[in-house]
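Morning, everyone. I'll keep this short. Please have a look at the chain on the screen.

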Amino acid sequence: MPKNYDAEKNNPCLKEQELSYKCLSKNNFDHGKCELYYANYNNCKEFWNKVRADRRAHGIFPHLPDVADRESIKAEYMKTKPT
C-alpha cells in the first residue's frame, strides 16, 4: 500500500491518530486502555477545527496552515491560552 504523502498536510492530527491506532493494536483493541490517546486526538482535532474556522471567517487561505507553520501557531495559542 503506497504512503499517502498528503496525509500530514491534510490531517494536522495525524500523529495523534496513528498513536491511538497503535495503542488499540497493542492492547488487543481494548478501547478502555486507550482513553488518553483518544482524549489527546480529540483535543487536537478540536484545536485545529477552531483554527480552520477562524481562518475561514477572516478570509485567510489556506484554511488549514501549512505544515511548517503549525508549530508556531500552536505555540502562539499556548501563550494566550486561558488557564
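I'll talk about confidence, and then about the disulfides.

Keep in mind that this is a predicted model. The mean pLDDT of the protein chain is 92. Of its residues, 95% reach 70 or more. Where is confidence lowest, and where is it highest? Helix 4, residues 67-80, is lowest, with a mean of 90. Helix 2, residues 14-26, is highest, at 97.

Now the disulfides. A quick reminder: a disulfide is a covalent bond between the sulfur atoms of two cysteines. How many does the structure hold? It holds 2.

Take C13 and C44. Their sulfurs sit 2.0 Å from each other. This pair links distant parts of the chain, 31 residues apart. C13 lies in the loop between helix 1 and helix 2. C44 lies in helix 3, residues 35-57. The torsion about their S-S bond is about -95°, so this disulfide is left-handed. Are these cysteines buried or exposed? Both C13 and C44 are buried.

Next, C23 and C34. Here S to S is 2.1 Å. This pair also links distant parts of the chain, 11 residues apart. C23 is in helix 2. C34 is in the loop between helix 2 and helix 3. The link of C23 and C34 is left-handed, with -95° about the S-S bond.

Why does C23 count as buried? Because its relative accessibility is 6%, and buried means under 20%. C34 is at 0%, so C34 counts as buried too.

Finally, the pairing. Number the bonded cysteines in sequence order, and you get 1-4, 2-3.

That's it from me. Thanks.

Notes
Residues are numbered from 1 along each chain as its sequence is written. This is a predicted model: local features need pLDDT of at least 70, side-chain atom pairs count only at pLDDT 80 or more; totals for chains, interfaces and linings use all residues. Side-chain values use heavy atoms; hydrogens and water are left out. pLDDT is the predictor's confidence in each residue, from 0 to 100. Helices (H or I, at least four residues) and strands (E, at least two) are DSSP runs, numbered from the N terminus. A disulfide is a pair of cysteine sulfur atoms within 2.5 Å. Buried means under 20% relative accessible area, exposed over 50%, partly exposed in between (1.4 Å probe, protein chains only).
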